[in-house]
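Here is a friendly briefing to read alongside the model. Take a look at the fold first, and then we will walk through it topic by topic.

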Amino acid sequence: RRMPLVVLTGLPCSGKTRRATEIADHLRSKGCDVHIVNMESVHMDGIRAYHVSQEKNTRACLRAVVDRLLTGDRVVIVDSLNFVKGFRYELYCLARAAATRHCVVHCDTTAECAWEWNENRTQGCYDHEGFWDLARRYERPDANNRWDAPLFTIHTGDDEETPLDLISQAVLEGKTLAPTRATVSQRPVNVNYTYDMDQVTQEIVTALVEAVKMGRLGEVTVPRSTTKVRLARPVTLPELRRLRSQFTHMVKVQAGARSGPPDVGQVG
């Protein structure tokens, strides 16, 4: 059974690590194995990791670790800024592909309060420019977005308690996300099958071009198929090539989503 994904988000120094620890301890008390994914687990410095030049690499490392852990039997808690809604959407897609549960915990406080907490730190402090750049670019979660739901907002500046029971209920008993074709990893299509399909479709295109040249419209017999193609009007070679390209792409996508490709003799 694949375990749930809990995504924390908030400004720098907004209390995410404290809340992640509380959630992890609460879930462990219920017998769950919990893994917290943070900057230390991906061997990155939490301050430098969100420099503009490092952001993409940071998100890629976090995503790869989460993707690997979601195939296991533990609850995964992502304790990082997750301040870009596009990245939260990517994490949501990982949970959906794994057919597991997912929720977002927003540690909500003012930028002024978070900056004060940052200044009171003894180590791992953001500089003024780096902190306010991240605060300015922070994209708040919205419960109306499916990738931000269910959303639990904790007003950390007011020292509000973490709704541990509601969070554990959402991730252990809530609705399981259903994978879609877009999120399911597709199996590679056999190379020989691809070659054979290209050959068959090319034979069909050639037959139709010859039929048009001969002035034969109506039902036209094509190679390797018992089904006749009905030509209501003359078609050009560019049209047929475009249709062939669309058809082969569609078949390859469908073949990758199934246990194997269909019989190439049925392509026509």
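Just after helix 3, Ala 99 takes a positive phi of about 55°. Please keep in mind that this is a predicted model. The protein chain holds 8 helices and 7 strands, and the points below start with the helix that leads up to Ala 99.

**Helix 3**

- Helix 3 is built from 13 residues, and its first and last C-alpha atoms are 18 Å apart, close to the 18 Å expected at 1.5 Å a residue.
- This helix, residues 85-97, lies across strand 1, strand 3 (75-78) and strand 4, and its direction is at about 175° to strand 1.
- The buried residues in helix 3 are Phe 87, Arg 88, Leu 91, Tyr 92, Cys 93, Leu 94 and Ala 95.
- Their cover includes strand 1, helix 2 (55-69), strand 3 and strand 4.

- An open sheet is formed by 5 strands in the order 2-3-1-4-5, with parallel pairing.
- Strand 2 (34-37) and strand 5 (151-155) each have a single partner strand, so these edge strands have one side left without a neighbour in the sheet.
- From one strand to the next, the twist averages 20°.
- Strand 1 (residues 5-10) and strand 4 (residues 102-108) are joined in the parallel sense over 6 bridges; Val 6 has Cys 103 in strand 4 as its bridge partner.
- Strand 4 also runs parallel to strand 5, with 5 bridges joining them; here Val 105 has Phe 152 in strand 5 as its bridge partner.

**Aromatic pairs**

- In the whole structure, a search finds 6 aromatic pairs.
- One of them joins Trp 115 and Phe 131: the ring centres are 5.2 Å apart and the planes are at 55°, so the pair is tilted.
- That pair links distant parts of the chain, with Trp 115 in helix 4 (residues 111-119) and Phe 131 in helix 5 (residues 128-137), 16 residues apart.
- Both Trp 115 and Phe 131 are buried.
- Phe 131 also pairs with Trp 132: their ring centres are 5.2 Å apart and the planes are at 80°, so this pair is edge-to-face.
- Are Phe 131 and Trp 132 buried or partly exposed? Phe 131 has 0% relative accessibility and therefore counts as buried, while Trp 132 has 27% and therefore counts as partly exposed.
- Elsewhere, one aromatic cluster is formed by Tyr 89, Tyr 92 and Trp 147; Tyr 92 is also among the buried residues of helix 3.

**The chain as a whole**

- Of the 268 residues in the protein chain, 41% are buried.
- Among contacts between residues at least 6 apart in sequence, 75% join residues at least 24 apart.
- The protein chain exposes about 15000 Å², and carbon and sulfur atoms supply 49% of that area.

Methods. Residues are numbered from 1 along each chain as its sequence is written. This is a predicted model: local features need pLDDT of at least 70, side-chain atom pairs count only at pLDDT 80 or more; totals for chains, interfaces and linings use all residues. Side-chain values use heavy atoms; hydrogens and water are left out. Rings of Phe, Tyr and Trp (its six-membered ring) pair if their centres lie within 6.5 Å; planes under 30 degrees apart count as stacked, over 60 as edge-to-face and the rest as tilted. Helices (H or I, at least four residues) and strands (E, at least two) are DSSP runs, numbered from the N terminus. Buried means under 20% relative accessible area, exposed over 50%, partly exposed in between (1.4 Å probe, protein chains only). Two strands pair if DSSP finds at least two bridges between them. Axes are lines fitted to C-alpha atoms, for helices over the stretch in contact, and angles run from 0 to 180 degrees between N-to-C directions. Contact means heavy atoms within 4.5 Å. The expected span of a helix is 1.5 Å times one less than its number of residues. Accessible areas come from the Shrake-Rupley method with a 1.4 Å probe; for residues, only the protein chains shown count as cover.
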